[in-house]
Amino acid sequence: MRQLRQCLSLTALLLCSTGLWAQSFSNLDFEAANPAAGPGPAPGLLSWAAAAPGWSHGGIGGSGGNGDTDYVYQDLPHVGISPWYALLDREAGSNVLQGRYSLSFASGHASSLDPNSAWVPAYLSQTALIPLDTRSLQWLGTGPLQLFVNGQALTGVAGASAHAWAADLSAYAGQIAELRFQNMALSPQAPVTLDGIAFSTVAVVPEPASVWLLLGGLAGLMGIQRRQHAAQHAMD
């Protein structure tokens, strides 16, 4: 019995160290929202647990004199210069990117009354296990939205459909990592919208413009080399 307990303890330790028991990412399409489950202190406000379960967020909370990020606005746009988050609902007439719900958020000043106060970026983040076979991350987004993985900014490649983006995530496959989507705007009232986040086994394909730029650069280098060889032969 003692040997069995030791074996089970060793197995548990091995599973934890390899991330096999790590929490998976959740609510990547924001469809787990349940506005009826968590109304806020005033009409039009929702708790984070009801609006965006599974997600953490950035911004100044009530302790900083600004409660705008303590709750999520329900469809209603926020008026002011401080950060805010809003759950967009297709059934309420909001413009969502897919499904019923999307999340919109804007960066802003630490104080909603002071335009000279510190700038506070708005972001959504989750930390969990990235599937082992992942090669890219895909999402739908509008505005100056930047993906960070463990604090490292990744380059997003535009997809074929409207608002579609993807980034190479192969270096993080099988690892526990933080995904952070941040609004990079430097002015208030410049929201981004996020939806449809998904891990993919398909590699990121560069934009056609990038491919042509690369081929053009290679052709230019080959032309320079030919001219150099021709000049060298002329001198000989």
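Biologist: To start, how many helices and strands does the chain have?

Modeller: In this predicted model, the secondary structure of the chain comes to 3 helices and 15 strands.

Biologist: And how much of the chain is buried?

Modeller: The chain has 236 residues, and 37% of them count as buried. As for the surface, the chain exposes about 13,200 Å², and carbon and sulfur atoms supply 59% of that area.

Biologist: What share of the contacts join residues at least 24 apart?

Modeller: If we take the contacts between residues at least 6 apart in sequence, 67% of them join residues at least 24 apart.

Biologist: Let's pick one residue, then. Where is Trp48, and is it buried or exposed?

Modeller: Trp48 is found in helix H2, which covers residues 48–51. With a relative accessible area of 10%, Trp48 is buried, because the cut-off for that word is under 20%.

Biologist: Which residues is Trp48 in contact with?

Modeller: Leaving aside the neighbours within four places in sequence, Trp48 is in contact with Pro53, His57, Thr69, Asp70, Tyr71, Val72, Tyr85 and Leu124. With one of these, His57, the contact is also polar, side chain to side chain, at 3.4 Å. Val72 is 24 residues away from Trp48 along the chain, and yet the C-alpha atoms of the two are separated by 6.3 Å.

Biologist: Which aromatic cluster is Trp48 in?

Modeller: Trp48 forms one aromatic cluster together with Tyr85 and Phe105.

Biologist: How many aromatic pairs are there in total?

Modeller: The count comes to 5 aromatic pairs. One of them is Tyr85 with Phe105, which is stacked, with 5.6 Å from centre to centre and 25 degrees between the planes. That pair links distant parts of the chain, since Tyr85 lies in strand E4 (residues 84–89) and Phe105 in strand E5 (residues 101–106), 20 residues apart. Both Tyr85 and Phe105 are buried.

Biologist: What kind of pair do Trp139 and Phe181 form?

Modeller: Trp139 and Phe181 form an edge-to-face pair, at 5.4 Å centre to centre and with 70 degrees between the planes. Trp139 lies in strand E9 (residues 136–142) and Phe181 in strand E14, so the pair ties together parts that are 42 residues apart in sequence. Trp139 counts as buried at 5% relative accessibility, and Phe181 counts as buried at 0%.

Biologist: What sits over the ring of Tyr123?

Modeller: The charged end of Arg180 sits over that ring, 3.7 Å from the centre of the Tyr123 ring.

Biologist: Back to E4. Why is E4 described as largely enclosed?

Modeller: E4 is largely enclosed by the rest of the structure because 6 of its 6 residues are buried. In a regular strand the side chains alternate between the two faces of the sheet. In E4, Trp84, Ala86 and Leu88 point one way, while Tyr85, Leu87 and Asp89 point the other way, and all of these are buried.

Biologist: How does E4 pair with E3, and how with E5?

Modeller: Strands of a sheet pair through backbone hydrogen bonds, either parallel or antiparallel. Strand E3 (residues 72–74) and E4 run parallel and are joined by 2 bridges, and Gln74 has Leu87 in E4 as its bridge partner. E4 and E5, by contrast, pair in the antiparallel sense over 6 bridges, and there Leu88 has Ser102 in E5 as its bridge partner.

Biologist: What is the strand order in the open sheet of 5 strands?

Modeller: The order is E2-E8-E14-E10-E11, and the pairing is antiparallel. Strand E2 (56–57) and strand E11 (152–154) stand at the edges with a single partner strand each, so one side of each is left without a neighbour in the sheet. E11 pairs with strand E10 (residues 145–149) in the antiparallel sense over 3 bridges, and Leu147 has Leu154 in E11 as its bridge partner.

Biologist: How exposed are His163 and Gln189?

Modeller: His163 is partly exposed, with a relative accessible area of 42%, and Gln189 is partly exposed as well, with 41%.

Key
Residues are numbered from 1 along each chain as its sequence is written. This is a predicted model: local features need pLDDT of at least 70, side-chain atom pairs count only at pLDDT 80 or more; totals for chains, interfaces and linings use all residues. Side-chain values use heavy atoms; hydrogens and water are left out. Helices (H or I, at least four residues) and strands (E, at least two) are DSSP runs, numbered from the N terminus. Buried means under 20% relative accessible area, exposed over 50%, partly exposed in between (1.4 Å probe, protein chains only). Contact means heavy atoms within 4.5 Å. Accessible areas come from the Shrake-Rupley method with a 1.4 Å probe; for residues, only the protein chains shown count as cover. A polar contact is a pair of N or O atoms within 3.5 Å; within protein, one must be able to donate a hydrogen and the other to accept it, and residues adjacent in sequence count only if both atoms are side-chain atoms. Rings of Phe, Tyr and Trp (its six-membered ring) pair if their centres lie within 6.5 Å; planes under 30 degrees apart count as stacked, over 60 as edge-to-face and the rest as tilted. A charge sits over a ring if NZ of Lys or CZ of Arg is within 6 Å of the ring centre and within 35 degrees of the ring normal. Two strands pair if DSSP finds at least two bridges between them.
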